[in-house]
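Here is a friendly briefing to read alongside the model. Please keep the sequence and the structure in view as you go.

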Amino acid sequence: MANRLPDWNPPMQANDSSQDVVSSLPDWSKRERLLLASYAMFAESSAGRRYVEPLHPYRSPFQRDRDRILHCWAFRRLSGKMQVFTGDMGDYHRTRLTHTHEVATIARTIGRTLALNEDLIEALALVHDIGHPPFGHSGEDVLSECLRDQGGFSHNQFALTLVEELETRYTSYPGLNLSREILSGQDFRITHQGQAPLFEVQVVDLADSIAYNAHDADDALKLGLLQFEQLHSLELVQRALQWGKSDLRGTTQAALRQMLVHHLIDVQVADLLEAARPLLKSLGSIDCRQAQQQGVQLEMSAEMTQQRNQFSRFMFDNVYRHPQLVTVRKRAGQKVSQMFERLSQQPEYLPTRFLDRAQRVGVPRAVGEYIGGMTDRFCDAQFRRLIELGEPSAQDWQ
């Protein structure tokens with residue numbers, strides 16, 4: 001049975017007269033009542049965890065979720081997984097870890113402005129990319145093809161496998177035992193079905209798209225895959241440059257690139273907030289569950305949506321399909337494919353814990369999970385050892 005926290009329906013706000021009840025609440029609950037809007041997700045109304053745990057005296061359930069994610073092995077490995085561009089192309093560009101922190105920062109800014117639960121937002125942001133395999137989307141595409149008869153491979157699904165099964169703490173049960181709101185938020189990224197997600201989940205998804213659009217352009221410019229002149233015709237770029245109202249004369253390329261990425265983020269966040277504030281105000285005092293049932297969605301303006309779509313198409317055609325990037329990604333994908341084939345044929349080369357795992361989920365799935373958890377550098381090292389040298393590999397990525 002879940003560790004169900006007290007139900008407050010609707011959540012009481014700071015102006016409630018029940019001072020005796022409020023004074024008996026933990027500090028984190030008092031803080032939430034003071035700062036959050038009625039439509040936010042209150043930690044005291046969480047659906048709890050799979051394995052019952054006592055409440056912490058000064059950290060809310062969502063703060064504890066954030067800390068567990070931050071300290072787990074899979075999160076630390078994000079520093080060795082590139083976002084789009086691999087290590088073959090230099091070390092300036094973003095890793096999954098830097099991208100994750102950038103998403104968390106943007107999402108928290110939006111959440112604070114809209115009086116949502118920042119602790120939940122931060123935990124959701126930190127976990128959202130934790131299941132990415134090595135070598136970005138090329139690694140995921142190859143693993144999905146290798147596992148096509150077992151349902152494929154999805155980094156969102158693998159994130160749940162990591163935090164519910166493969167990660168270990170100091171407890172007798174598997175996984176991180178995260179709050180159900182964290183798990184359901186990640187599950188929504190897989191299914192996109194049913195009622196609308198919590199506003200905190202929506203904010204993280206929007207912040208993710210805002211971050212990678214701007215930062216992928218920044219990295220592509222730095223690597224020379226794009227030139228500024230190619231971006232000038234894009235409406236979103238024009239809007240961002242006008243947003244800054246800066247005198248560009250004498251501006252260096254590095255400074256211009258930095259200014260552009262900042263303004264690209266600012267203009268999108270501002271548009272989202274401008275659209276969200278009147279929408280949320282119109283909801284009155286409904287709580288988060290009622291907002292979900294009504295299917296309320298946070299969206300940017302129609303004009304911004306069109307400009308973002310144009311920008312995304314441009315990035316797909318000119319960056320993600322750039323011949324230089326395609327070549328590097330193809331080579332990385334071949335490494336993943338060869339390793340999967342070898343380990344599937346000789347599972348005795350797997351580390352002990354994944355041999356045990358194969359008894360429960362089958363050899364192909366266990367091999368996919370082993371490779372999926374690798375960093376780019378660890379995958380390269382294992383490829384050299386396993387494929388090029390033909391030596392058994394019993395190294396774990398934890």
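Among contacts in the protein between residues at least 6 apart in sequence, what share join residues at least 24 apart? The share is 73%, where a contact means heavy atoms within 4.5 Å. This is a predicted model, in which local features need pLDDT of at least 70 and side-chain atom pairs count only at pLDDT 80 or more, while totals for chains, interfaces and linings use all residues. Residues are numbered from 1 along each chain as its sequence is written, and side-chain values use heavy atoms, with hydrogens and water left out.

**Confidence**
- The mean pLDDT (the predictor's confidence in each residue, from 0 to 100) is 89 for the protein, and 89% of its residues reach 70 or more.
- Over residues 1-18, pLDDT stays under 50, and the model has 42 contacts beyond four places in sequence for them.

**Overall make-up**
- The protein has 19 helices and zero strands, taken as DSSP runs numbered from the N terminus (helices H or I, at least four residues; strands E, at least two).
- Of the 398 residues, 55% are buried; buried means under 20% relative accessible area, exposed over 50%, and partly exposed in between (1.4 Å probe, protein chains only).

**Helix H2**
- In helix H2 (residues 27-35), the buried residues are Trp 28, Ser 29, Glu 32 and Arg 33.
- These residues lie on the same side of H2 because they cover an arc of only 140° around the axis, judged by the directions from the helix axis to the C-beta atoms.
- Asp 27, Leu 34 and Leu 35 are exposed on the other side of H2.
- Helix H3 (61-70) is included in what covers the buried residues of H2.

**Salt bridges**
- The structure holds 26 salt bridges, each a side-chain nitrogen of Lys or Arg within 4 Å of a carboxyl oxygen of Asp or Glu.
- Asp 218 pairs with Arg 94 in a salt bridge, with the closest N and O atoms 3.1 Å apart.
- This pair links distant parts of the chain, 124 residues apart: Asp 218 is in helix H10 (residues 199-223), and Arg 94 is in the loop between helix H4 (73-76) and helix H5 (96-113).
- Both Asp 218 and Arg 94 are buried.
- Glu 145 and Arg 148 meet through their side chains in a salt bridge (3.0 Å, N to O).
- Glu 145 is partly exposed, at 46% relative accessible area, and Arg 148 is exposed, at 52%.
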